[in-house]
Amino acid sequence: MDKLHETTVKFPNTDIWMDSCGEKELNYGLERGISGATSNPTIICGVIANELEMWEPRVRQLARECPEASEDDLAWKLMYEISALRAQKLLPVFRAHRGKKGRLSMQTNAKYYRDAHRLLDQALEIHGLAENMQVKIPASQAGVQAMEEATYHGVSINATVCFTVAQAAAVAEAVERGLARRRAEGLPVDEMSPVCTLMMGRTDDWLRDWCDSSDVVIDPECLDWAGVAVMKEAYRIYQERGYTTRLLMAACRNHHHWSQLLGGDLCMTINYGWQKKLNGCGIPVEAHIGDPVPQRYLEQLNTLPEFRKSFEEKGMAPEEFVNYGGFRHTLNGFLGSYDELIRIIRRIIV
């Protein structure tokens, strides 16, 4: 077995997702036991580039069918279509696990990160694209508010642009409030499967940037463990409190982001390149979710105020989430990818 297939066999509660909705990538993952997939503007740009023969004629057709549609309208029509089409590949998994696995996560408009009402409206729209859709909502203060309302309306959310224990705890509490409201009204919750993404590699990235800009020197290997430490602390809290939401690892940067989570009741979304690397590695597939971060690394990390902001549950108030460096950098990256998608569409239709 490949390593990721072995992971799903040895640890059925440790789910592997493909961090792409490209056909080639999904086929590769499904052959190796993935149980979910993700989509966002960056991923969609990659799908179009890799499958241009299929999607360029479709963009032209959409432009003819909707002569008054703006470039933004066409972009969202295309993202909805690609996501709904690729969600079908996961339907057998979704139905076999009664909604607990087999979903495709699609992202709401990153521009709405301050507007809970727009996030909710689009979440409901995405939810209706396919029976196994999962909706990505940014973990801003407004996004957390939208998550509660979307959960109440039966949407399985995926909190994204999330890097800290404070964000993860706020997301889980919001989902619990939404689920409690549904139960109080006798509405079904058994097949819902909310997740909270922790972009572990981007937490590492941000702390490296912060150290560089602050002229702080610590042992460089410590920064490969920062996201792991945040994830393990969030996992401890989730398990102790029995939250319905499951944690989801994203932004894999090194093998610790996979190996240190093995055995956990959680998900990992791993891109095609890293899936191939991990499948070919020699690292044993053994449970490490309960292993502590080496003390010598944690001691150095705790000297960084920006790490403590990431690691401590009360490290940030919800209104501060959008000011966290990782949030700013990642949101700008998503917006840049969306702009690139608009340029791709413009090149095709003009």
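Good morning. Setting aside residues up to four places away in sequence, Asn-302 touches Phe-307 and Arg-308, where contact means heavy atoms within 4.5 Å. The model is a predicted one, in which local features need pLDDT of at least 70 and side-chain atom pairs count only at pLDDT 80 or more, whereas totals for chains, interfaces and linings use all residues. Residues are numbered from 1 along each chain as its sequence is written, and side-chain values use heavy atoms, with hydrogens and water left out.

Asn-302 itself sits in the loop between helix H14 (295-301) and helix H15 (305-311). Helices and strands here are DSSP runs numbered from the N terminus, helices being H or I with at least four residues and strands E with at least two. With a relative accessible area of 31%, Asn-302 is partly exposed; buried means under 20%, exposed over 50%, and partly exposed in between, using a 1.4 Å probe and protein chains only. From Asn-302 to Cys-267 the separation is 35 residues in sequence and 27 Å in space, C-alpha to C-alpha.

I turn to helix H5 (residues 71-87) and its two partners. Two packed helices are described by the angle between their axes and the distance between the axes. Axes are lines fitted to C-alpha atoms, for helices over the stretch in contact, and angles run from 0 to 180 degrees between N-to-C directions. The axes of helix H3 (residues 41-50) and H5 come within 11 Å, crossing at roughly 80 degrees. H3 is therefore roughly perpendicular to H5, a class that covers 65 to 115 degrees, while under 35 is roughly parallel, over 145 roughly antiparallel and the rest oblique. Pro-41, Ile-44, Val-47 and Ile-48 of H3 make the contact with Leu-78, Met-79, Ile-82, Ser-83 and Arg-86 of H5.

Within H5, Ser-83 is buried at a relative accessible area of 0%. Beyond residues up to four places away in sequence, Ser-83 touches Ser-39, Ile-44, Leu-104, Met-106 and Met-133.

The other partner is helix H16 (residues 325-349), which packs against H5 at about 105 degrees with the axes 9 Å apart. H5 and H16 are therefore roughly perpendicular as well. Among the residues that meet are Trp-76 and Met-79 in H5 and Tyr-338 and Leu-341 in H16.

Next, which residues of strand S7 point one way, and which the other? Arg-246, Leu-248 and Ala-250 point one way, Leu-247 and Met-249 the other, and all are buried. S7 pairs in the parallel sense with strand S6 (residues 195-199) over 5 bridges and with strand S8 (residues 266-270) over 2 bridges; strands pair if DSSP finds at least two bridges between them. Met-199 stands opposite Ala-250, and Met-249 opposite Met-268.

Finally, the cysteines. The structure holds 0 disulfides, a disulfide being a pair of cysteine sulfur atoms within 2.5 Å. Cys-222 is buried at 0% relative accessibility. The sulfur of Cys-66 lies 20 Å from its closest cysteine sulfur, in Cys-45, again too far for a bond, and Cys-66 is partly exposed at 21%.

Thank you.
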